[in-house]
Amino acid sequence: MCAVALAAAALTGCGLDVQTPDLFVLTRTGQGKSLTMLVNYDGGVTCNGRRGKTLPDRLLLLARSLPGGLESDAQKKLDPPSPPGSVYRFKVSLQYGTFSFPDTSAGHRPELAMLEEFLLEAEPSCG
């Protein structure tokens with residue numbers, strides 16, 4: 001009986017507030033309103049330091065898939081200059097490192113385009 005109680009306590013986290021890891025922090029600067037969005041593994045979103053809503057399942061799956069495709073950019077510390085005609089600049093912080101890129105880079109890299117698309121679709125979750 002004691003073993004069952006211990007197993008149940010272990011499964012429920014012993015009443016501790018267990019936090020899930022962050023997936024990434026994405027910052028958008030440039031024309032218009034700046035935004036810093038922190039996304040964690042459970043789909044919790046913090047925008048400009050304020051807690052937002054939980055991401056819908058479809059966006060949560062997309063958020064979880066993004067870091068793996070961006071690992072090499074983070075390790076290389078990608079930081080190309082913003083060309084004329086660029087409107088926004090993005091900075092991404094992952095467990096692998098931090099990198100930045102202008103919005104025009106998305107035309108050449110599907111992973112960066114997916115990240116920009118994620119931000120546009122997830123921004124309403126900021127509340």
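Predicted model: local features only at pLDDT ≥ 70, side-chain atom pairs only at ≥ 80, totals over all residues.
1. Which side chains does a polar contact of 3.2 Å join? The pair is Ser 100 and Arg 89.

2. Ser 100 sits in strand E6, which covers residues 97-102. Its side chain also has a polar contact with that of Asp 79, at 2.6 Å. With a relative accessible area of 13%, Ser 100 is under the 20% limit and therefore counts as buried. Leaving aside neighbours within four places in sequence, Ser 100 is in contact with Leu 78, Asp 79, Pro 80, Arg 89, Phe 90 and Lys 91.

3. Strand E6 runs antiparallel to E5, and 6 bridges join the two. A hairpin connects E5 to E6 through 2 residues. Within this pairing, Phe 90 stands opposite Phe 101 of E6.

4. Strand E5 (residues 88-94) also pairs with strand E1 (residues 22-30); these two run antiparallel and are joined by 6 bridges. One of the partners is Tyr 88 in E5, which is bridged to Gly 30.

5. The largest nonpolar core holds 27 residues. Those with the most contacts inside this core are Phe 24, Met 37, Val 39, Leu 55, Phe 99, Leu 115 and Phe 118. Two or more residues come from each of E1, strand E2 (35-40), strand E3 (44-47), helix H2 (57-76), E5, E6 and helix H3 (110-122). H2 gives the largest share, 7 residues. In soluble globular proteins, nonpolar side chains tend to be buried together.

6. Phe 118 shows how parts of the chain meet in this region. Not counting residues up to four places away in sequence, Phe 118 touches Phe 24, Met 37, Val 39, Leu 55, Leu 59, Leu 62, Ala 63 and Leu 66.

7. How many salt bridges does the count come to? The count is 5. Side chains of opposite charge can pair when their charged atoms come close.

8. Arg 28 and Glu 123 form a salt bridge, with their closest N and O atoms 3.2 Å apart. Arg 28 belongs to strand E1 and Glu 123 to the segment after H3, so this pair ties together parts that are 95 residues apart in sequence. Arg 28 is buried, with a relative accessible area of 6%, whereas Glu 123 is partly exposed at 22% relative accessibility.

9. Arg 58 and Glu 121 meet through their side chains in a salt bridge of 2.2 Å, N to O. Because Arg 58 lies in helix H2 and Glu 121 in helix H3, the pair ties together parts that are 63 residues apart in sequence. Arg 58 counts as exposed at 53% relative accessibility, and Glu 121 as partly exposed at 27%.

10. Asp 73 forms a salt bridge with Arg 109, the closest N and O atoms being 2.9 Å apart. The pair links distant parts of the chain, with Asp 73 in helix H2 and Arg 109 in the loop between E6 and H3, 36 residues apart. Asp 73 is buried at a relative accessible area of 4%, while Arg 109 is partly exposed at 24% relative accessibility. Through salt bridges that share partners, Asp 73, Arg 109 and Glu 111 are joined into one network.

Methods
Residues numbered from 1 in each chain as written. Heavy atoms only, no water. Helix = DSSP H or I, 4+ residues; strand = E, 2+ residues; numbered from the N terminus. Buried < 20%, exposed > 50% of the residue type's maximum accessible area, 1.4 Å probe, protein only. Polar contact = N/O pair within 3.5 Å; in protein donor to acceptor, adjacent residues only side chain to side chain. Contact = heavy atoms within 4.5 Å. Pairing = 2+ DSSP bridges. Core = buried A, V, L, I, M, F, W, Y, C linked by side-chain atoms within 4.5 Å. Salt bridge = Lys/Arg side-chain N within 4 Å of Asp/Glu carboxyl O.
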